[in-house]
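Subject: Structure handover

Hello,

I am passing on the structure we talked about, and my notes on it follow below. Please keep it open beside this email as you read.

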Amino acid sequence: MSLSFSAGTDKALHGDVPSMDGAAAYTWMLWIKIVALPPDAVPGGILAKSVGTHTIVMRARDVLLDIFMAAGLSTWSSFLSADSWAHVAVVYDGSLVTDAAKLKVFKDGTQRTGSMGTVPATLSDSGAAELTIGYHASAGGGISAKVAHLKCWSVALTAAEVAGEMNSRRPARTANLVIWVPYDDAVNARNYSGSGSNHGTVSGTTAIQVADSPPVSAGGGPGIFAV
């Protein structure tokens, strides 16, 4: 299953995620299938930690993934093709030396390279900003796309872990897991990480659950995930 968004104001809201604020390491990932690539003038965000001095924005256009940090901007170009599932992951580790080492972007389990500004040692504190999927006002609005299997950890995953998570519906790594939302519920967008918080609420006119899933197996690590 996945969640389908129009290019309007459809969104899934997951509340504030305090572990992102001031974090020295973090990993974000999700599957996305673009229904139609909008023109550059209407970029559209698909994942956003929305306000403050840092914002994570995955954009649905040929310049897909922009990561705004306190002192720089990173851009990776030509990521997605329309009507094809792709897995996108961002791994941040502020303890490393170079900017390229601190911030890595993966598509379908393979690291991509791109231009990069200065990446800080910790993420800024964006206060009570809400984690938003499917819409970002300053990035041009919403997208026409399907999304599935949002996962976030408060640590930097290795390349091998990213590749493993890409192929697993359930998280293979449960340690430091903050968010796991498969989007199998079109109303509440439940977070099954076991954190007990950040359950999402879907809003908009056409944000609906659809019988279309990325190519992943059940997979996952041991244990039972609580909601």
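A helix here means a DSSP run of H or I that is at least four residues long, with the helices numbered from the N terminus. Glu-165 belongs to one of these, helix α2, which covers residues 159–166. Please bear in mind throughout that this is a predicted model.

Let me stay with Glu-165 for a moment. Its relative accessible area is 2%, and because buried means under 20%, Glu-165 counts as buried. If we leave aside residues up to four places away in sequence, Glu-165 touches Met-29, Lys-151, Trp-153, Leu-157, Arg-170, Pro-171, Ala-172 and Arg-173.

The next topic is the aromatic rings, for which a search of the whole structure finds two pairs. In the pair formed by Tyr-26 and Trp-28, the ring centres are 5.0 Å apart and the planes stand at 35°, so this pair is tilted. Both partners are buried, Tyr-26 with a relative accessible area of 0% and Trp-28 with one of 1%. The other pair joins Trp-180 and Tyr-192, whose ring centres are 5.7 Å apart and whose planes meet at 55°, so that pair is tilted as well. It links distant parts of the chain, since Trp-180 sits in strand β15 (residues 177–181) while Tyr-192 sits in the loop between β15 and β16 (201–203), twelve residues apart. Trp-180 is buried too, with a relative accessible area of 4%.

Finally, there are the nonpolar cores. The largest has 32 residues, and those touching the most other members are Tyr-26, Trp-28, Ile-32, Val-147, Leu-150, Ile-179 and Tyr-183. At least two residues of this core come from each of β1 (2–5), β3 (25–34), β8 (85–93), β11 (130–133), β14 (145–153) and β15, and β3 gives the most, with five. To see one member in its surroundings, look at Val-147, which, again not counting residues up to four places away in sequence, touches Ser-2, Leu-3, Phe-5, Leu-30, Trp-31, Ile-32, Trp-85, Ile-133 and Tyr-183.

With best wishes

Key. Residues are numbered from 1 along each chain as its sequence is written. This is a predicted model: local features need pLDDT of at least 70, side-chain atom pairs count only at pLDDT 80 or more; totals for chains, interfaces and linings use all residues. Side-chain values use heavy atoms; hydrogens and water are left out. Buried means under 20% relative accessible area, exposed over 50%, partly exposed in between (1.4 Å probe, protein chains only). Contact means heavy atoms within 4.5 Å. Rings of Phe, Tyr and Trp (its six-membered ring) pair if their centres lie within 6.5 Å; planes under 30 degrees apart count as stacked, over 60 as edge-to-face and the rest as tilted. A nonpolar core is a set of buried Ala, Val, Leu, Ile, Met, Phe, Trp, Tyr and Cys residues joined through side-chain atoms within 4.5 Å.
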